[in-house]
Structure formats: C-alpha cells, structure tokens
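Okay, thanks for coming, everyone. Have a look at this one on the screen, and then I'll talk you through its aromatic rings.

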Amino acid sequence: MAQQICKNCKYWKETNSYPIEGEPLGKCKKVQMFWDCTEWVDKGDDYVRELNEEHKNDKAFVQDGSDYVAYLITKEEFGCNQFSE
C-alpha cells in the first residue's frame with residue numbers, strides 16, 4: 001500500500017503556479033470551494049447556506065474573500081483522510 005500522502009493521491013496534481021525553490025507544490029482537486037459546494041436555502045425566517053447533495057460527505061473546503069477562486073495547495077508529503085490511490 002502506498003504511503004497516504006498527496007504525491008500518491010489521485011486528487012493531487014503538481015503545479016508550477018506557486019513555485020518555491022526545491023519544494024514541489026500541488027493542488028488538491030478533492031477539496032473544493034465552499035461557495036461552489038453550497039447553496040442558499042430559505043428556512044422561513046432566515047436564509048442559510050447548506051451543502052449540495054453531491055458534497056454532503058466532503059470533509060474540507062477552501063474559501064477566499066471574493067468567492068472567486070481558492071485552492072488547497074500542499075507539499076507532496078502532506079496527507080489527509082480523503083486520500084485515494
């Protein structure tokens with residue numbers, strides 16, 4: 001069994017978009033933007049954000065201040081509980 005770290009995960013892709021000398025970085029494709037995984041729901045006296053059906057089992061999200069774009073950027077030896085070979 002492969003070590004459960006990002007460089008061995010099917011959701012991780014090395015990128016040169018965020019170069020650091022001698023430190024390979026990558027983007028996690030599993031962790032999505034919170035805003036894209038939720039929707040406004042009318043609760044009668046208030047509107048709240050709820051997870052979309054397809055993201056109910058996701059365990060992590062990213063978010064930036066503009067709701068435009070955000071990525072989880074990791075070193076290749078980082079690992080998480082959503083690892084998948």
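So, let's start here: is Phe34 buried, partly exposed or exposed? Keep in mind that this is a predicted model. Phe34 has 31% relative accessibility, so it counts as partly exposed.

Now, who pairs with whom? The count comes to two aromatic pairs. In one of them, the ring centres of Phe34 and Phe61 are 6.0 Å apart and the planes sit at 80°, so we call that pair edge-to-face, since anything over 60 degrees goes in that class. What I like is that this pair links distant parts of the chain. Phe34 is in helix α1, residues 34-37, while Phe61 is in strand β6, residues 61-62, and the two are 27 residues apart. Phe61 is partly exposed as well, because its relative accessibility is 28%.

Then there's the pair of Trp35 and Trp40. Their ring centres are 6.0 Å apart with the planes at 80°, so that's edge-to-face. How exposed are these two? Trp35 has a relative accessible area of 32%, so it's partly exposed. Trp40 comes in at 52%, and because the cut-off for exposed is over 50%, Trp40 counts as exposed.

Okay, on to charges over rings. Which residue puts its charged end over the ring of Trp35? That's Arg49, 3.8 Å from the ring centre. So Trp35 has Trp40 as its edge-to-face partner and the charged end of Arg49 over its ring. And over at Tyr71, Lys27 lies over the face of the ring, 3.8 Å from the centre.

Methods:
Residues numbered from 1 in each chain as written. Predicted model: local features only at pLDDT ≥ 70, side-chain atom pairs only at ≥ 80, totals over all residues. Heavy atoms only, no water. Phe/Tyr/Trp six-rings, centres within 6.5 Å; stacked < 30°, edge-to-face > 60°. Helix = DSSP H or I, 4+ residues; strand = E, 2+ residues; numbered from the N terminus. Buried < 20%, exposed > 50% of the residue type's maximum accessible area, 1.4 Å probe, protein only. Lys NZ or Arg CZ within 6 Å of the ring centre and 35° of its normal.
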